[in-house]
Amino acid sequence: MADVDGDGTPDILYGEEGTSGQIRVLEAATGTEFISFDNPGDGVTSLVVADLNQDGSYEIGWGAGDSDSGPNNWYIVDAR
Ligand SMILES: [Ca+2]
Ligand SMILES: [Ca+2]
Ligand SMILES: [Ca+2]
């Protein structure tokens, strides 16, 4: 788990399967969702939260398209 929003408490990250699934981030302690992203493909793999470009703030990355017939792509968004 990572503290995506930087408020000092760990957050839970998960991806919904299926068409129009979203990437959601919740506060682990309260279960409150504070951010979500549209997933452009069906299926989520390799969901990660890390400072991928080393600019001091987190990005969320995931593989989309695992459960559809189209191409599988890797997406990276700023976490906040
Ligand atoms: Ca947090
Ligand atoms: Ca970053
Ligand atoms: Ca696919």
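Mentor: Three strands make an open sheet in the order β1-β2-β3, with antiparallel pairing. Its edge strands are β1 and β3 (33-38), and each of them pairs on one side only. From one strand to the next the twist averages 15 degrees.
Trainee: What counts as a strand or a pair here, and what's the angle taken from?
Mentor: Strands (E, at least two residues) and helices (H or I, at least four) are DSSP runs, numbered from the N terminus. Two strands pair if DSSP finds at least two bridges between them. For angles, axes are lines fitted to C-alpha atoms, for helices over the stretch in contact, and the values run from 0 to 180 degrees between N-to-C directions.
Trainee: Where does this model come from, and how are things numbered?
Mentor: This is a predicted model: local features need pLDDT of at least 70, side-chain atom pairs count only at pLDDT 80 or more, and totals for chains, interfaces and linings use all residues. Residues are numbered from 1 along each chain as its sequence is written, while chains are lettered from A and ligands numbered from 1 in the order in which they are written.
Trainee: Back to the sheet. How many bridges link β1 and β2?
Mentor: Five bridges, in the antiparallel sense, with β2 covering residues 22-27. As an example, G15 has I23 in β2 as its bridge partner.
Trainee: And what's in the turn of that hairpin?
Mentor: The β1 and β2 hairpin has six residues between the strands, and G18 there takes a positive phi near 95 degrees. S20 also lies in the loop between β1 and β2. Its phi is near 60 degrees, a positive value in a residue other than glycine.
Trainee: Is S20 buried or exposed?
Mentor: S20 is exposed, because 8 other C-beta atoms lie within 10 Å. The cut-offs are 20 or more other C-beta atoms within 10 Å for buried, 12 or fewer for exposed, and partly exposed in between, with C-beta atoms placed from the backbone.
Trainee: OK, new topic. What's the order of the sheet with β4 in it?
Mentor: The order is β4-β5-β6, an open sheet of three strands with antiparallel pairing. β4 and β6 (73-78) stand at the edges with a single partner strand each, so one side of each is left without a neighbour in the sheet. The twist averages 15 degrees from one strand to the next.
Trainee: How is β4 joined to β5?
Mentor: By five bridges, and the two run antiparallel; β5 is residues 59-64. V44 stands opposite A64 in β5.
Trainee: Zooming out, how many helices and strands does the chain have?
Mentor: Zero helices and six strands. The radius of gyration is 13 Å, close to the 12 Å that the globule rule gives for 80 residues, so the chain is as compact as a globular protein of that length. That radius is taken over C-alpha atoms, and the rule is 2.2 Å times the number of residues to the power 0.38.
Trainee: What span does the C-alpha trace have along its principal axes?
Mentor: About 40 × 30 × 15 Å. Of the 80 residues, 16% count as buried.
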